[in-house]
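Here are my notes on this one, in numbered points. Have a look at the model first, then read on.

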Amino acid sequence: MPSRSASAIRSTAVPDVLIVGGGAIGMTTALALRARGLRCTMVERGTLGAESSWAGGGILAPLRPWSYPTRVWDLVQRSRALYGALQQRLQALSGVDIELLHCGAWLLDRADFGVARDWHAQQQLPCADADCEGAPALVMPWVQQVRNPRLIRALRGALAAEGISLFEQLSVTALRRDGGRVTGVSTDQGDMQARHTVVAAGAWSSQFGEAVSGRVHPMRGQMLRLEIAPRQRPEAGIWLLPEAYVIVRDDGTTLLGSTVEDVGYDKSVTKEARERLLRIAGAYLPWTREARVLDHWSGLRPGSADGEPIIGADPSLRGLWWNTGHFRTGLAMAPASAEELAEAIAAAD
């Protein structure tokens, strides 16, 4: 089913769940709800998956998991167990391979070696000392990556195959309320009703309720795509540097990221960020020093006040649910976040 036009609002049947926001979090939530037999409609202010889900690198782990809240790691762990089945489901429904790759990661930031070794021992995950470009490193072979633009295409195709109504270029202007219950949303093209409303609007979520007002805010991240000479380029992998990372895809596509900037909704890119990222990469990975920059872009991550995502029922308004605030680890937490929320909605239905 193609994306629905705004003129179709009046003829759309009232769904069980209306999802505000069409990023990876919203799309995986829709699929999890559909798997439980609930009818879903999705509303996206722009294009599905075109914000932080597309802009990031697709690393399916926190960059330094030992420094994150336990809640984040729990969702990442559960998502790691779900990604294989999700990959198969998406390929069956959409025909798109998301390129889930078990490539491992190299940690080159020596300041973290001690805590990283201790954390791996506590988690019973493999970690080994190694040499990388003549410098000491820790290898974390369990780390995976996904090709996020392909993941977005696969999710979109799966939603269509499952008969989920999709509205793009449609801005939600307010939640509709009947007393203490949310009954849907108002958009710039008309009102939409639903028995349950989920806000999964990423960096824009704080516009929709007091429960996240001031708790979710945009944090800009700038990324580069590099051209590395084939004779210099290593095999696919992830390199974690102080305040930067490098990702090499299976086909040699190479990404360098990323900044963390509190600049509101400004998505511009800067020469300063570009030069800084290249300087950090060049100091640790000689094969990046002569790289040519092919692309430079930014995205707005949904930062959260306490570093944890907000998943579950609104504390004050019945019928309103949240799945937002995943900051830099949205793709890594998406499957488990979606399952957790879908289970809660299905139990309340």
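1. Start with helix H1 (residues 24-35) and helix H5 (residues 148-161), which pack at about 35° with axes 10 Å apart. Axes here are lines fitted to C-alpha atoms, over the stretch in contact for helices, and angles run from 0 to 180 degrees between N-to-C directions. Helices (H or I, at least four residues) and strands (E, at least two) are DSSP runs, numbered from the N terminus.

2. Housekeeping: this is a predicted model, with local features needing pLDDT of at least 70 and side-chain atom pairs pLDDT 80 or more, while totals for chains, interfaces and linings use all residues. Residues are numbered from 1 along each chain as its sequence is written, and side-chain values use heavy atoms, with hydrogens and water left out.

3. Back to that helix pair: Ala-24, Met-27, Thr-28, Ala-30 and Leu-31 of H1 meet Ile-152, Leu-155, Arg-156, Ala-158 and Leu-159 of H5 (contact means heavy atoms within 4.5 Å). By class that is eight nonpolar, one polar and one charged residues. For the classes, Ala, Val, Leu, Ile, Met, Phe, Trp, Tyr, Cys and Pro count as nonpolar, Asp, Glu, Lys and Arg as charged, and the others, Gly among them, as polar.

4. There's an open sheet of eight strands with mixed pairing, in the order E4-E5-E3-E12-E13-E14-E11-E15. Its edge strands are E4 (128-132) and E15, each pairing on one side only; two strands pair if DSSP finds at least two bridges between them. Neighbouring strands are turned by 25° against each other on average, direction ignored.

5. Zooming in on the sheet, E11 and E14 (residues 254-257) run antiparallel, joined by four bridges. Leu-226 has Thr-254 in E14 as its bridge partner. Helix H4 (residues 113-123) packs on the sheet, touching E3 (105-107), E4 and E5 (135-140), and its direction makes about 25° with that of E5. Helix H6 (residues 271-284) packs on the sheet too, at about 60° to the direction of E11.

6. Which residues lie nearest the centre of the largest pocket? They are Glu-51, Ser-52, Ser-53, Leu-300 and Pro-302, out of 50 lining residues. E15 gives the largest share of that lining, four residues. By class, the lining divides into 24 nonpolar, 21 polar and five charged. A pocket is an open set of points on a 1 Å grid over the protein atoms alone, where a 1.4 Å probe fits, with protein on both sides within 12 Å along at least five of seven lines; lining residues have an atom within 4 Å of a point.

7. In the second largest pocket, H5 gives the most to the lining, with three residues. That lining has four nonpolar, three polar and five charged residues, including Arg-147, Arg-150 and Asp-295.
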